[in-house]
Amino acid sequence: MAITEEVYAPRTKPPVDPEDLAHRELRRDEFWRHIPAFADIDAHTFHSHIFQMRHSITSVGKLMRVLENRVSNDFYQEVAAGLQHAPMSVRISPYITSLINWDDPYRDPLRKQFLSLRCEQERDHPELHLDSLNELGDAPVAGLTHRYPDRVLFLVLDTCPVYCRFCTRSYAVGLNTEDVEKVNLRVNRERWDNAIEYIQSRPEIEDVVVSGGDMYQLKADQLEELGNRLLNIDHIRRFRFATKGPAVLPQKLVTDDAWVDALTRVVDRGRKMHKEVVLHTHFNHPAEITGITQDGLNRLQSRGITIRNQAVLQSGVNNSIETMRLLIKRLSYLNVQPYYVYFHDLVRGVEDLRTTLDDGLAIEKAIRGTTSGFNMPTFIVDTLGGGGKRDAHSYEYYNRETGIAVYISPVVKPDTFFFYFDPLWRLREDIQARWQDDVEREKMKAEAIEAAR
Ligand SMILES: *Cc1c(COP(=O)(O)O)cnc(C)c1O
Ligand code: SF4
């Protein structure tokens, strides 16, 4: 029949829909002018890292002084009430503040990541613990987690240019809040010495994730010293600096010459030693990427610095096919490689931001093929209790009714089953009730493990 004819008939692709090129449109307007406190700030001033750091919003009072009557009193009250049940303190850069649509702050995907509203909060999942990935349990020295055989996670400091509501490290990062007393991970010579000594003593370690907190906060000389000390260890073949910075304060890449030069020197020295030093950043939404982001990233690229992205899947932020597709295309356009999309960890006070496993699996299925395979992120579940990262699709068992997924992790811990749980508010009401009952809860978990065997 016509099958062969159809296959072999020459076909022309219809012209591209302009919508499909939206990822190339990067804002270059003076978008901060609609914020009362920034209305008179010119582009040169606004796009300097000093201005951005000095004018960070760190309290509800400050938010009110910056936004004035741009939003309603109800909204401020929602923020203040939300903060009382939040594991993270507030810190938002003027850049991000200005990109939020304050005409509709309740639905804005950038606001949702940094400001918690009381009306949105959901009850915590009964299986939630403060350090849900057990990073402290796998730490041979303070601030260094050695879970995978050949690589370690080194938390070099505990501050960030912004504080994200959804931070997995809310057990350590940022100031204490009404809700959480933190582990102390300040920049401290002795702690750094101990961590480096440990890495030195373990020949199997080839790879270091330098994270925090956020190394954007390191001074140029601290960054260079740390980079050089790691490069000096023979068996270290590669490491990455992990930073949210380019997504929230891209100005630093354009105006903080000392810092960018220090980073460049470490990368260059590494290259001469045949070692790879790269930057991993953390864009979650395409609206975080503007013209100034492009300027900053171009500067790194022209110096030969590789940049990859790790995003977190969040409800109402990026859990839609269109948003995730646009994010991945925009990152790829700027030659930032979308490496991972993480399912949201179980973090206190942030249940409303979590999605079901099913949400993410469906998005992944729908967008694979959008761009080259090396620019398609792997969707990752970091299993509870320290099983480590798993390809979300690779579950042994997933019950969409109870929201229980079971994974194994042969390299990290053979013969153990690890869980991930969908947020309760996405489940049927009778199932939610079962979760609140201790006996029923254990029964559901035992059944899931049985089914996984
Ligand atoms: C994520 C992570 C790493 C790095 O894992 P990759 O898969 O190489 O990105 C290393 N150690 C810990 C504890 C981690 O959580
Ligand atoms: S920048 Fe990273 S470490 Fe800091 S609060 Fe955000 S997610 Fe946590």
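Start by selecting helix 9 and helix 12: Ala220, Leu223, Glu224, Gly227, Asn228 and Leu231 in helix 9 meet Ala258, Trp259, Ala262, Leu263, Arg265, Val266, Arg269 and Gly270 in helix 12. Contact here means heavy atoms within 4.5 Å. Colour this contact by residue type and you will find eight nonpolar, three polar and three charged residues. Ala, Val, Leu, Ile, Met, Phe, Trp, Tyr, Cys and Pro count as nonpolar, Asp, Glu, Lys and Arg as charged, and the others, Gly among them, as polar.

A word on the model: it is predicted, with local features needing pLDDT of at least 70 and side-chain atom pairs pLDDT 80 or more, while totals for chains, interfaces and linings use all residues. Residues are numbered from 1 along each chain as written, chains are lettered from A and ligands numbered from 1 in written order, and side-chain values use heavy atoms, without hydrogens and water.

Now show residues 220–231 and 257–272: these helices pack at about 10°, with axes 8 Å apart. Helix 9 and helix 12 are therefore roughly parallel (angles under 35 degrees, from 0 to 180 degrees between N-to-C directions, with axes fitted to C-alpha atoms over the stretch in contact). Helices (H or I, at least four residues) and strands (E, at least two) are DSSP runs numbered from the N terminus.

Next, select the open sheet, where nine strands follow the order 1-2-3-4-5-6-7-8-9 with mixed pairing; strands pair if DSSP finds at least two bridges between them. Strand 1 (144–148) and strand 9 (388–391) stand at the edges, each with a single partner strand, so one side of each has no neighbour in the sheet.

Finally, pick residues 307–312 and 337–342: strand 6 and strand 7 run parallel, joined by five bridges. Arg308 has Gln337 in strand 7 as its bridge partner.

Technical notes
Angles under 35 degrees count as roughly parallel, over 145 as roughly antiparallel, 65 to 115 as roughly perpendicular and the rest as oblique.
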